[in-house]
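Here is a friendly walk through one structure, written for reading beside the model. Keep the viewer open as you go.

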Protein chains: 2
Amino acid sequence: MADKSPTEMSKSRFQVILDKCNNFYRSESSASRCAVFCIDDEKVGLIRPEFVVELKKYTDVFLYEEGKGFKREILRVLPDLNTPETRSKQIEHVLQDLRKRNIFCTLRGWRDENYDIKKNYHDKPLMIMERAATPIFGCLNYGVHVNGYFYNESGDMMMWLGQRSPTKATYPNKLDNLCAGGLATGIGIKDNMVKECQEEASISDDILHKLKSVGTVSYCYEDERGILPECQFVYDLELTPDFQPINADGEVGGFHCYPIKKVEELMITDEFKPNCALIILDFLIRHGLVTPENEPFYTSLVEGIHKPLSQYL
Amino acid sequence: MADKSPTEMSKSRFQVILDKCNNFYRSESSASRCAVFCIDDEKVGLIRPEFVVELKKYTDVFLYEEGKGFKREILRVLPDLNTPETRSKQIEHVLQDLRKRNIFCTLRGWRDENYDIKKNYHDKPLMIMERAATPIFGCLNYGVHVNGYFYNESGDMMMWLGQRSPTKATYPNKLDNLCAGGLATGIGIKDNMVKECQEEASISDDILHKLKSVGTVSYCYEDERGILPECQFVYDLELTPDFQPINADGEVGGFHCYPIKKVEELMITDEFKPNCALIILDFLIRHGLVTPENEPFYTSLVEGIHKPLSQYL
């Protein structure tokens with residue numbers, strides 16, 4: 001690719017990753033047809049029309065407002081449910097009913113793990129919701145990802161990748177970052193990341209202090225589960241060549257250590273969980289490996305890994 | 001600040017920087033009243049209503065289309081001007097006339113330096129335009145900025161800042177990054193950055209090879225000159241403690257070297273050129289100095305330094 005000028009190439013070699021992670025922004029997505037999900041006058045999600053049809057039947061929990069002119073339909077949590085506790089409880093009832101009726105595929109992956117629902121990360125939660133249900137309402141999810149890397153004896157950069165367990169509900173067997181996990185209710189970002197590092201890769205305390213917070217990566221995609229706007233807090237972890245990750249929680253099938261050039265090749269294949277490839281794209285940009293000189297679509301890539309969290313609403 | 005919880009604080013201590021650099025996104029900005037500037041059916045800028053009034057008089061160069069319903073007004077370069085050369089030449093005539101009439105303040109800072117006008121960075125230029133004129137049309141400008149830093153004998157991070165010359169047309173005397181400059185027509189990003197490093201700080205070749213490309217910072221503001229959407233290619237340069245910058249082109253009044261904590265204090269004051277403070281905010285985030293733990297508005301800050309380049313159109 002290096003010998004092709006911008007005009008000879010119609011898109012970046014990494015575009016395939018952005019196409020997957022940001023498919024909600026494509027013209028053929030459900031974006032224009034979605035209803036807004038509102039709690040307490042805050043827009044906190046987008047709901048596909050086929051989901052709205054089912055949800056609006058629960059009139060003891062939701063208020064449906066038809067769209068007029070250029071305005072979107074709104075599915076609102078009844079204003080009577082005026083505390084996080086009552087909203088969470090009533091919507092939990094709806095979700096358990098929907099789960100029994102088995103009409104939303106995402107609820108087959110019920111986790112018994114709650115996510116905070118809020119407008120901005122710094123806001124107080126408006127309610128909590130079962131993790132598997134958030135794509136139905138298109139609510140923003142947060143998580144943590146760790147890039148584990150080291151320089152070998154020759155000075156070449158190597159990266160550790162996890163391979164997801166074949167029994168994982170989502171993306172079984174796919175390549176993943178060294179450690180990653182969703183941010184559940186009641187746990188801080190750094191604590192969550194330390195927990196994932198310990199559970200997924202048995203990383204000891206003397207290494208964990210090297211974890212470096214380096215920013216966020218944000219994107220929005222949709223699939224059969226619904227709409228998934230996500231914001232990942234990213235950490236870099238420079239390891240020593242003798243480090244060896246060992247999984248402790250059964251969520252990782254194995255670990256691989258590759259030269260960074262090999263990772264660049266793998267990340268654009270179907271072997272990779274797409275959002276983990278996006279995290280590595282951010283890593284390659286921050287570490288001067290993908291540059292304006294070797295990547296004509298550099299500015300578009302930086303834009304694609306930093307989608308504004310409010311734009312999709 | 002560290003002992004305040006998110007709910008006790010209404011905004012980030014860095015919000016003042018974002019307020020300045022992204023004032024075009026504020027509700028009181030001219031955004032909703034602007035006309036779109038089109039070349040060859042591509043939207044490449046936004047023009048304030050008071051500028052449109054003057055520009056549409058040049059009917060041999062521009063075609064004015066009234067806005068209808070929810071659609072914006074359009075000021076289009078006449079389709080007859082169907083090459084970059086003819087567009088550039090005809091608009092240069094308009095600009096020289098406007099300059100003589102002395103009605104657009106930005107043209108008083110005429111530089112005799114051209115910028116490429118294009119939709120995306122990877123596109124071929126649709127025309128070239130005098131640098132000082134681009135805010136009139138709200139066209140995207142690109143530039144390069146270098147964060148120069150080192151660790152002193154105690155292991156503390158220190159940062160070099162330039163102080164702009166008192167004779168600079170824009171932001172005289174303000175604090176700046178170690179080196180920075182706009183991306184003129186006909187020069188590549190890295191070449192431009194090397195040139196700025198040599199001219200502004202006399203950085204020698206043996207140091208320049210350490211320049212590390214680390215991403216972009218993008219934002220959009222308006223002032224008396226017009227609308228300025230900008231995308232800066234950012235480089236980090238780790239220096240040795242004995243390095244001393246020396247200005248060679250008269251654009252820098254002097255250099256200062258401060259502990260990074262002192263820079264954090266200075267960057268929120270009026271001492272700083274706002275976009276240079278934004279570049280340092282990105283640096284602080286990437287280097288793990290501003291983290292989700294010490295900055296409740298972390299996700300908003302990351303979003304504020306990565307405004308989508310197309311969103312403002």
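How many residues does the contact take from chain A and from chain B? It takes 37 residues from chain A and 37 residues from chain B, where contact means heavy atoms within 4.5 Å.

## Before you start

This is a predicted model, in which local features need pLDDT of at least 70 and side-chain atom pairs count only at pLDDT 80 or more, while totals for chains, interfaces and linings use all residues. Residues are numbered from 1 along each chain as its sequence is written, chains are lettered from A and ligands numbered from 1 in the order in which they are written, and side-chain values use heavy atoms, with hydrogens and water left out.

## Where the chains meet

Chain A and chain B bury about 2,900 Å² between them, and carbon and sulfur atoms give 62% of that area. Buried area here is the accessible area (1.4 Å probe) that two parts lose on being put together, summed over both. On the chain A side, His122(A), Thr299(A) and Glu303(A) supply 20% of what that chain buries against chain B, more than any other three residues.

## Aromatic rings and charges

Over all chains, the structure holds 24 aromatic pairs. Rings of Phe, Tyr and Trp (its six-membered ring) pair if their centres lie within 6.5 Å; planes under 30 degrees apart are stacked, over 60 edge-to-face, and the rest tilted. Phe37(A) and Phe62(A) make an edge-to-face pair, because their ring centres are 6.4 Å apart and their planes stand at 70 degrees. Phe37(A) belongs to strand 1 (residues 35-39) of chain A and Phe62(A) to strand 3 (residues 62-65) of chain A, so the pair ties together parts that are 25 residues apart in sequence. Strands (E, at least two residues) and helices (H or I, at least four) are DSSP runs, numbered from the N terminus. Phe37(A) and Phe62(A) are both buried, a word that means under 20% relative accessible area, with exposed over 50% and partly exposed in between (1.4 Å probe, protein chains only).

In chain B, Tyr219(B) and Tyr221(B) form a stacked pair, 6.2 Å centre to centre with 20 degrees between the planes. Tyr219(B) is buried at 2% relative accessibility, and Tyr221(B) is buried at 9%. One aromatic cluster brings in both chains: Tyr121(A), Tyr142(A), Phe233(A) and Tyr298(B). The charged end of Lys56(A) sits over Tyr64(A), 4.0 Å from the ring centre, and Lys118(B) lies over the face of Tyr121(B) at 4.3 Å.

Helix 8 (residues 274-286) of chain B has 13 residues and reaches 19 Å from its first C-alpha to its last, close to the 18 Å expected at 1.5 Å a residue; the expected span is 1.5 Å times one less than the number of residues. Is this helix enclosed or open? It is largely enclosed by the rest of the structure, because 13 of its 13 residues are buried. Just after helix 8 of chain B, Gly288(B) takes a positive phi of about 70 degrees.

In chain A, Asp282(A) lies in helix 8 (residues 274-286) and is buried, with a relative accessible area of 5%. Beyond its neighbours within four places in sequence, Asp282(A) is in contact with Val217(A), Val234(A), Ile305(A) and His306(A). An unreviewed UniProt entry annotates residues 141-282 of chain A as "domain: Nudix hydrolase". Over residues 141-282 the chain is 23% helix and 41% strand, with the end C-alpha atoms 19 Å apart.

## Loops with positive phi

Most residues other than glycine have a negative phi. With a relative accessible area of 42%, Asn102(A) is partly exposed.

Asp41(B) also has a positive phi, near 65 degrees. It is found in the loop between strand 1 (35-39) and strand 2 (42-47) of chain B, and at 65% relative accessibility Asp41(B) counts as exposed.

Note on methods:
Lys NZ or Arg CZ within 6 Å of the ring centre and 35° of its normal. UniProt positions renumbered as here; feature names shortened; annotations may be inferred.
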